[in-house]
Amino acid sequence: MKKYVVTTALAAGFSMIAGAAHAQVVGTVGANYSRADTDAGDADSYGVSGGITIATSGNLAVLLDGSWQTNDDADVDVLAGTAHLISR
């Protein structure tokens with residue numbers, strides 16, 4: 001039997017300068033699609049994700065990440081996010 005999994009991903013990065021001369025916000029945006037076809041059936045899922053880095057005072061920065069994934073065949077949605085405070 002023929003089984004295959006196809007996954008494609010698209011990611012774009014962007015950056016922009018915010019307010020102050022040296023303050024910088026950097027981020028990413030992505031989209032994804034997956035298809036699994038097995039003997040038990042097939043499933044399609046897709047979603048979006050993104051992340052941003054925000055410089056704060058001194059050598060600290062905040063990292064924020066989030067994603068949303070859905071599978072229409074199983075009627076499942078997943079929403080996830082994380083936040084980090086880092087020292088550079």
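Trainee: How confident is the predictor, on average?
Mentor: The average pLDDT is 77. A score of at least 70 is reached by 74% of the residues.

Trainee: Where does pLDDT stay under 50?
Mentor: Over residues 1–21. The model still has 39 contacts beyond four places in sequence for that stretch. Low pLDDT means that predicted coordinates should not be read in detail.

Trainee: OK, burial. What share of the residues is buried?
Mentor: Buried residues are 10% of the 88 in the protein chain. The accessible surface is about 6,300 Å². Carbon and sulfur atoms hold 62% of that surface.

Trainee: Which residues form a nonpolar patch on the surface?
Mentor: Tyr33, Tyr46, Val48, Trp68 and Leu79. Together they have about 490 Å² of accessible area. Tyr46 lies in strand E3, residues 41–55. Tyr46 is partly exposed, at 33% relative accessible area.

Trainee: Let's switch to threonine 70. Buried or exposed?
Mentor: Buried. Threonine 70 has 5% relative accessibility, and the cut-off for buried is under 20%, so threonine 70 qualifies. Threonine 70 sits in strand E4, residues 60–71.

Trainee: What does the side chain of threonine 70 reach?
Mentor: The backbone oxygen of valine 76, at 3.3 Å. The threonine 70 side chain also makes a polar contact with the side chain of aspartate 77, at 2.5 Å.

Trainee: And which residues does threonine 70 touch, leaving out those up to four places away in sequence?
Mentor: Asp44, Ser45, Tyr46, Val76 and Asp77. Tyr46 is also part of the nonpolar patch.

Trainee: Where is valine 76, then?
Mentor: In strand E5, residues 76–87. Valine 76 is partly exposed, at 38% relative accessibility. Not counting residues up to four places away in sequence, valine 76 touches Gln69, Thr70 and Asn71.

Trainee: How many residues separate valine 76 and serine 45 in sequence?
Mentor: They are 31 residues apart in sequence. In space, the C-alpha to C-alpha distance is 9.3 Å.

Trainee: For the chain as a whole, what share of contacts joins residues at least 24 apart?
Mentor: The figure is 34%, among contacts between residues at least 6 apart in sequence.

Trainee: What about phi at aspartate 75?
Mentor: Aspartate 75 has a positive phi of about 55°, and it is not a glycine. Most residues other than glycine have a negative phi. Aspartate 75 is in the loop between E4 and E5. Aspartate 75 is exposed, with 69% relative accessible area.

Trainee: New topic. How many salt bridges does the structure hold?
Mentor: Two. Side chains of opposite charge can pair when their charged atoms come close.

Trainee: Which residue does aspartate 42 pair with?
Mentor: Arginine 35, with the closest N and O atoms 2.8 Å apart. Aspartate 42 is partly exposed, at 41% relative accessible area.

Trainee: And aspartate 44?
Mentor: Aspartate 44 forms a salt bridge with arginine 35, and their closest N and O atoms are 2.9 Å apart. Aspartate 44 is partly exposed, at 23% relative accessibility. Shared partners join Arg35, Asp42 and Asp44 into one salt-bridge network. Asp44 is also among the residues that threonine 70 touches.

Terms used: Residues numbered from 1 in each chain as written. Predicted model: local features only at pLDDT ≥ 70, side-chain atom pairs only at ≥ 80, totals over all residues. Heavy atoms only, no water. Buried < 20%, exposed > 50% of the residue type's maximum accessible area, 1.4 Å probe, protein only. Contact = heavy atoms within 4.5 Å. Areas by Shrake-Rupley, 256 points an atom, 1.4 Å probe, with all protein chains shown as cover. Patch = residues over 30% accessible without salt bridge, like charges linked within 9 Å, V, L, I, M, F, W, Y side chains within 5 Å. Salt bridge = Lys/Arg side-chain N within 4 Å of Asp/Glu carboxyl O. Helix = DSSP H or I, 4+ residues; strand = E, 2+ residues; numbered from the N terminus. Polar contact = N/O pair within 3.5 Å; in protein donor to acceptor, adjacent residues only side chain to side chain. pLDDT = per-residue confidence, 0-100.
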